[in-house]
Amino acid sequence: MKALINKLHIAIIALILSHTAAEAQIVKWDSTYRPGKYVELVAKFKADPKSKKDFVFLGNSITAGTDWAKLLELPQAKNRGISGDITFGVLERLQDVIDGKPAKIFILIGINDISRNIPDSVILGNYKTMISRIRKGSKNTHIYFNTLLPVNSAFEKFKKHYGKDAHILWLNNEIRKFTAKNVTVIDLYPNFIDQNKQLRAELTKDGLHLLPEGYQVWADFLKKSGYLTEK
């Protein structure tokens with residue numbers, strides 16, 4: 001009897017431990033996070049005059065970090081980047097962009113989702129929702145979807161963004177499969193990697209954000225590839 005009781009105790013303990021381990025493997029994530037200046041910037045964007053000739057650059061701090069009109073010598077280029085934004089934040093403010101019926105929308109978003117442990121499949125689903133909503137609400141707008149940029153962990157500043165290269169690679173492979181009408185994939189990633197598949201150190205100030213030299217690589221690629229002039 002005593003041996004049976006001991007076996008039962010062991011079984012119960014094993015069950016508890018396995019349940020605890022399973023709970024530990026569940027990574028929590030939050031779709032409601034919005035950066036501190038989100039509301040202020042969304043209001044500013046809404047108040048900004050809109051034109052069907054606009055080229056809208058939509059994304060997070062990587063998009064927000066330059067003056068696109070000056071960089072590209074295109075006065076119709078509008079910066080709609082919000083530092084810290086995630087795909088859910090872009091979806092929340094997307095209708096204002098759609099309502100302007102711009103000529104082109106350039107989208108780069110997702111690295112902050114990865115850092116916040118939002119599942120890859122959810123991020124991809126949000127990408128597809130963006131495309132679907134733009135195509136439905138502004139049929140003449142051409143969508144340019146950028147692959148995610150690499151990061152560089154040697155800078156040791158944005159640790160939640162590092163060590164997740166597999167997620168970047170998986171999402172980029174899925175982005176490259178986008179083939180809908182009026183959707184063009186811009187494969188930025190190969191232009192920014194070094195021999196170790198890291199973000200080129202000379203193009204970044206902190207392993208995540210770009211220096212002016214990085215934005216120049218981006219601008220040159222857009223110009224060379226004809227994405228700014230094609231109809």
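The largest cavity in this predicted model is lined by Lys50, Ser51, Asp54, Val56, Lys78, Arg80, Asp96, Val97, Gly100 and Pro102. Space in there comes to about 70 Å³, and the structure holds three cavities of 30 Å³ or more. As for which elements do the lining, strand β2 and helix α5 (87-99) each put in at least two residues. By class, the lining of this cavity splits into five charged residues, three nonpolar and two polar. Empty space of this sort shows up when a probe the size of a water molecule is rolled over the atoms.

Arg80, one of the cavity-lining residues, also turns up in a salt bridge: its side chain meets that of Asp48, with 2.8 Å from N to O. Arg80 sits in β2 (residues 77-81), while Asp48 belongs to the loop between α2 (38-47) and β1 (55-59), so the pair ties together parts that are 32 residues apart in sequence. With a cut-off of 4 Å between a side-chain nitrogen of Lys or Arg and a carboxyl oxygen of Asp or Glu, the salt bridges come to nine.

Then there is the open space. The largest pocket holds about 280 Å³. Its lining has 14 residues, and the ones closest to the pocket centre are Tyr33, Asn112, Ser115, Arg116 and His161. Sorted by class, the pocket lining has eight polar residues, with three nonpolar and three charged.

On to helix packing. Two packed helices are described by the distance between their axes and the angle those axes make. For α7 (residues 120-137) and α8 (residues 165-175), the axes come within 10 Å and cross at roughly 30 degrees, and the crossing is right-handed. On the α7 side, the residues in contact are Asp120, Ser121, Ile123, Leu124 and Tyr127, and they meet His167, Trp170, Leu171, Glu174 and Ile175 of α8. Taken by class, this α7–α8 contact has six nonpolar residues, plus two polar and two charged.

Terms used. Residues are numbered from 1 along each chain as its sequence is written. This is a predicted model: local features need pLDDT of at least 70, side-chain atom pairs count only at pLDDT 80 or more; totals for chains, interfaces and linings use all residues. Side-chain values use heavy atoms; hydrogens and water are left out. On a 1 Å grid over the protein atoms alone, a cavity is a set of points where a 1.4 Å probe fits but cannot get out, and a pocket is an open set with protein on both sides within 12 Å along at least five of seven lines; lining residues have an atom within 4 Å of a point. Grid points are joined across faces, edges and corners, and a volume is the space filled by probe spheres set on the points. Ala, Val, Leu, Ile, Met, Phe, Trp, Tyr, Cys and Pro count as nonpolar, Asp, Glu, Lys and Arg as charged, and the others, Gly among them, as polar. Axes are lines fitted to C-alpha atoms, for helices over the stretch in contact, and angles run from 0 to 180 degrees between N-to-C directions. Helices (H or I, at least four residues) and strands (E, at least two) are DSSP runs, numbered from the N terminus. A crossing is left-handed if the near helix is turned anticlockwise from the far one by less than a right angle, and right-handed if clockwise. Contact means heavy atoms within 4.5 Å.
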